[in-house]
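Student: I have a structure to go through. Can we take it step by step?

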There are 2 protein chains.
Amino acid sequence: MDVIRVFEKQQFAAEKMKKVGLFDTQNLFCDLYCLEPGQEQKSHTHAHEDKVYFVLEGKVRVRIGGDEKELSANMLTLAPAGSEHGVANHTNTRSTLLVFMAPKPQH
Amino acid sequence: MDVIRVFEKQQFAAEKMKKVGLFDTQNLFCDLYCLEPGQEQKSHTHAHEDKVYFVLEGKVRVRIGGDEKELSANMLTLAPAGSEHGVANHTNTRSTLLVFMAPKPQH
């Protein structure tokens, strides 16, 4: 039984958003996304996978299917399979998200 | 694009642990588990589904596959498919967890 303290897993990189794998099973991914100010994960689409974003700290702009909203800590949203989605830290402070994706992509 | 503030979704019930559905797709469940002091979700097993527990507030004892650990806010653990698992609030204050399960059970 692995217990993870999410804030001990934070890693930031000057070059780009850092994705830290937490759990990786046959059924799902669970990752930490760590964004320095100005960093983003560009919009992209997964044909078959749903993704859930949960903000742990800071604020981000989440884009899903042409919509865009600002999320702060303890806010959650869903990017359904087939929807274009991305996340950007538009603020002056770091932001961290917990991200779940299922099923696991087959590519 | 639905944005959920998790602490606005909390619901507690005197009779038993309250499970609040947040997202329910073809691929996953995302729920809030709200436990009054002394409440629990008894140990059970899903043959094919992985479950991730993330503690939002309070403390709980999580049991997975015969192991048991105390988790507090911002701690995360995985109950893999086929492992017996359960969660109990053994404290004097409320506890709340964010719970993900994938794939979606077929029963």
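Tutor: Two strands pair if DSSP finds at least two bridges between them. Strands (E, at least two residues) are DSSP runs, numbered from the N terminus. This is a predicted model, in which local features need pLDDT of at least 70, side-chain atom pairs count only at pLDDT 80 or more, and totals for chains, interfaces and linings use all residues. Residues are numbered from 1 along each chain as its sequence is written, and chains are lettered from A and ligands numbered from 1 in the order in which they are written.

Student: What is the order of the open sheet of 4 strands in chain B?

Tutor: The pairing in this sheet is antiparallel. Its edge strands, S4 (40–44) and S7 (67–72) of chain B, each pair on one side only. The order is S4-S9-S6-S7.

Student: Which residue in S7(B) does Arg63(B) stand opposite?

Tutor: Strand S6 (residues 59–64) of chain B runs antiparallel to S7(B), and 6 bridges join the two. Across from Arg63(B) stands Glu68(B).

Student: Which strand gives the most to the side of chain B that touches chain A?

Tutor: Contact means that the C-beta atoms of two residues, placed from the backbone, lie within 7 Å. By that rule, 33 residues of chain B are in contact with 32 residues of chain A. Strands supplying at least two residues each to this side of chain B include S1 (3–5) and S8 (75–79). The one giving the most, with 4 residues, is S8(B).

Student: Which residue stands opposite Arg5(B) in S1(B)?

Tutor: Strand S8 (residues 75–79) of chain A is joined to S1(B) by 3 bridges, and the two run antiparallel. Opposite Arg5(B) is Met75(A).
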